[in-house]
Amino acid sequence: MLKNLTPREGWRENFIQLAFFAPKFWFPALIAASVFPSLIAYSGPIFSAVALWIVAFMLIAGLITTLAHGYSLGQTHRLDSTAALVQANLGSFLGALTAAASLLAMVVAVAALVSTATTFIVVSVGLPESYRVWILISGFVLLLLALFRPEPVRKVIPWLTLVIFVVGFLMLAYGFWHYLRNGAKPGLLELLSSTTKAKNAVADANLESGWRAAAVAALLLVPVTPAVTLFRNENRQPLSGLIFRILGGSAAAMFAATVYLSFTVAGFHWTRLDTVIQGPGNLALLLGVLLDKHGWLVIPVMSLFAVGCLISAYIYISSASTLLADLSRHDLTVHQVPVSWMRRGRSASILIFMTVTFGVALTVHSRMGVAALTWVTFVAISSFLGQVARMRMWRSRFHSGVTFAQRRQSKRYYRIAIISVIISLIILIVVSVAFNSFFEFYVLATWVGLGLLIYILNFYYRRVQYKMSQLEHAETPVKHTLALVLVSRFNASALKAIRYAWAAHHPNVEVVHVLEPDEDETGVRHRWQELGITATLTLIPDEGGNHLQSVQKYLNAKLDMDPLTSISVYLPRYVPKCKALGLLHNAAERTYARHLVRLARVTITWVSLLGGKESDAN
C-alpha cells in the first residue's frame, strides 16, 4: 500500500489498483473457461470424468505459484522482470531465453484477447465471418488511440471494470440460481466421482484433446506468473500482496464457477459435439441457454465482455512497454530513451510489438485452443526459468542470512520455489504432449531463434561495455580546439548554428561549405559577404559528387596538421512542427553525423531550428 495516505485515500488507491489489474486476471481465466469444456467434449469419457479434478489441480498450483512469486506478505523483488531475475542468477543466455519467452507470451496474450473480443461480438450478433477482420482492425485502432491518450483511459478503466464485475457476478448468480431451481443435478460429488461418465461423449477417447484441455486450464496460472512486476506505470507502486491474492482468487473462482456451470446447466451439454465451438464463442452459447427467454441480453452482455477483453489487452500492452523498458536497461533489447508512461506507447518498440501482434491476431481466431497452448507454453517456460532463479536466489539468501528470522523466511520461500519448479515442469510436459509435433517445433524454433537474437544483442552490448571500460587516457592531452560549422546553404538554420558555435567560446570558428559542380565560387563568397559574418568561410570542391568524402578528407588534413587539436563539428537541424515530416529533413546532416563521429578527436553537435522559429540547441 501507499504510505502517508489517509484511510479514505488508501481505500481509494486500493480500489483503483484492484479495478485496474482485474481484467488482466479475469479474462485469461474467462478464455480458459470457454475453451476448456469444448476440448473436454472432444476428449471422450476418460478426461470428462476427471475434468473438475484438473480444475482443482490448477487452483492448487495457482496458489503455490502466487506464494512463490513473493507477493505474499509484501515480498516484492527489486528486479522488475523475470528475465532480469534470471539474468542475475542464472546467466545471460538463460536470461535471453526468458526474455524471448516473456515477449512472445505478451504477443500471444494481446492477440488472443483482441481476437476473443472480436469472437464475442461476431457470435453474439451472428455476423458473417467476413466482418471479423474489420472488427479486429477497429479493436487495434482503439488500442492505439488508448496508447496515444492514456491518461483519460486509465481514469475510465476502474469504473468499466466495476460494471463488468457487477454484470459478470449477476450472470453467474443467475446461472447458479437456474441450476439450483432445477434440483442441482448433477451435484459436485457426482461430477468429481471417477465413475461419472459424460453423456453423448465421443465413443473413443481423444487423448490429444484431453491433454489440450488440461494445458488450456493452465491459463489460470498466467495472471499469477507475471513476466514483470505489477504496478501502474504512473506511480511505480508495486501491487500489494493482499490485492494480488484477491485478484488471483477471484479469477480462479470465476474460472471454476464458469466451468462448473458449463457441465451442469440444464438443457446444455458440453459433451454434445453438435453444440460446441472450438473457441470463446461457447460463452455466448452458454449465456443464451442461461438467459433463455431473456436472450436479448446476450448481445449487450457479450459486448461488455468484449470491452473487457480490450481493457485486458491494453493492460498487457502497458506491461509489455514496462517489460521492454526493463529489458533495455539490462541490455536484453535495443536501448531506449527512458520516457514517461504517457509517451511509452508511442515508442518504436511498442509500435513493432503492435504490428506483430496484429499479424498473429488475424489468424488466431480459428485455432484458439492452439493459441491458448502457445500462450501457456511461453508463460510456463519463463515461469520455470524464473522459479529456478528464485530457488537459487532464496538458497543464497538462506546461506547469507544474518538472523534466524531471515534464514527461516528464506528456507520457506526456497521450498515453495522448489514446488513451483515441479509444477512448471509438469505444465511443460502436459503442453508438450498436447501439442501437434509440427506446430510445437515451430513454436520452439521461434522461441529459440528470438532468444539467440536477444543473446547476440546482449553479447554485443557486454563486449562494447568491456571495450569502453578498458579505454586508457590519451598519452598526449588535447590543447587546441576548432569549431567547424558545416552548412549546405545559407539560411536561418545555418546562421543559428554559427551563432551557437560562437556562443560556445571557441577561439576559432570556421564555416565549411562543399561546392556543387554548377556553383560559382565567386558568387558563393559574394553571398557570404552580404551576410556580414566575420567567421572564416572555407569552400571545399566535391570529389566526384561525394561530399562526405570531401569533408572527411578536409577534417583528416586538419587533424594531421596538429595532433593536439580537437574539432567540434556543428550541424544545423530543422525540426518541423509535424513530427511525421521529420524524416523528410536533415537526411544529409544525419549521414554526416553518422560518419564523422567515427573520426578521432571529432565531436558532433546538433543545433535545432523549430518550425521556422528558433529553439534551444540540443
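Guide: The general idea is that rolling a probe the size of a water molecule over the atoms shows where empty space is left. In this predicted model, the lining of the largest cavity has, by class, 13 nonpolar, three polar and one charged residues. About 160 Å³ of space lies in this largest cavity, and the structure holds seven cavities of 30 Å³ or more.

Visitor: Which elements give two or more residues to the lining of the largest cavity?

Guide: They are α1 (7–43), α5 and α14 (368–400), and α5 gives the most, with four residues. The lining has 17 residues in total, and those nearest the centre of the cavity are Val 222, Thr 225, Pro 226, Ala 227 and Tyr 316.

Visitor: How should I read the largest pocket, and what is its lining by class?

Guide: The lining of the largest pocket has 10 nonpolar, seven polar and six charged residues, and about 560 Å³ of space lies in the pocket. Of the 23 residues that line the pocket, Val 487, Ser 488, Arg 489, Asn 491 and Glu 589 lie nearest its centre. At least two residues of the lining come from each of α17 (492–503), β2 (509–515), β4 (565–575) and α20 (587–596).

Visitor: Since α20 has come up, which of its residues are buried?

Guide: Glu 589, Tyr 592, Ala 593 and Leu 596 are buried in α20. Seen down the axis of α20, these buried residues fall within an arc of 95 degrees, so they line one face of the helix. What covers the buried residues of α20 includes β1 (480–486), β2, α19 (547–561), β4 and β5.

Visitor: How do I read a nonpolar core, and which residues have the most contacts inside the largest one?

Guide: In soluble globular proteins, nonpolar side chains tend to be buried together. Here the largest nonpolar core has 120 residues, and those with the most contacts inside it are Phe 25, Phe 305, Trp 375 and Ile 427. Helix α5 (residues 92–125) supplies the largest share of this core, with 19 residues. Apart from this core lies another, of 20 residues, among them Leu 486, Leu 559, Ile 567 and Val 602.

Visitor: What does Phe 25 touch, if residues up to four places away in sequence are not counted?

Guide: On that basis, Phe 25 touches Pro 223, Val 224, Leu 230, Phe 244, Leu 247, Gly 248 and Ala 251.

Visitor: Could we also look at a residue in helix α5, and is Thr 98 buried or exposed?

Guide: Thr 98, which lies in helix α5, is buried, with a relative accessible area of 0%. Not counting residues up to four places away in sequence, Thr 98 touches Thr 82, Ala 83, Val 86, Ser 382 and Leu 385.

Visitor: How should I read the backbone angle phi, and what is its value in Asp 331?

Guide: Most residues other than glycine have a negative phi, and most peptide bonds are trans. Asp 331 has a positive phi of about 60 degrees although it is not a glycine. Asp 331 lies in the loop between α12 (298–329) and α13 (348–364) and is buried, with a relative accessible area of 10%.

Visitor: Where is Arg 601 placed, and what is its phi?

Guide: Arg 601 has its place in the loop between α20 and β5 (602–610), and its phi is near 60 degrees, a positive value in a residue other than glycine. Arg 601 counts as partly exposed, at 29% relative accessibility.

Visitor: To finish with the protein chain as a whole, how many helices and strands does it have?

Guide: Its secondary structure comes to 20 helices and six strands, and of its 618 residues, 50% count as buried.

Notes:
Residues are numbered from 1 along each chain as its sequence is written. This is a predicted model: local features need pLDDT of at least 70, side-chain atom pairs count only at pLDDT 80 or more; totals for chains, interfaces and linings use all residues. Side-chain values use heavy atoms; hydrogens and water are left out. On a 1 Å grid over the protein atoms alone, a cavity is a set of points where a 1.4 Å probe fits but cannot get out, and a pocket is an open set with protein on both sides within 12 Å along at least five of seven lines; lining residues have an atom within 4 Å of a point. Grid points are joined across faces, edges and corners, and a volume is the space filled by probe spheres set on the points. Ala, Val, Leu, Ile, Met, Phe, Trp, Tyr, Cys and Pro count as nonpolar, Asp, Glu, Lys and Arg as charged, and the others, Gly among them, as polar. A nonpolar core is a set of buried Ala, Val, Leu, Ile, Met, Phe, Trp, Tyr and Cys residues joined through side-chain atoms within 4.5 Å. Buried means under 20% relative accessible area, exposed over 50%, partly exposed in between (1.4 Å probe, protein chains only). Contact means heavy atoms within 4.5 Å. The arc is that of the directions from the helix axis to the C-beta atoms.
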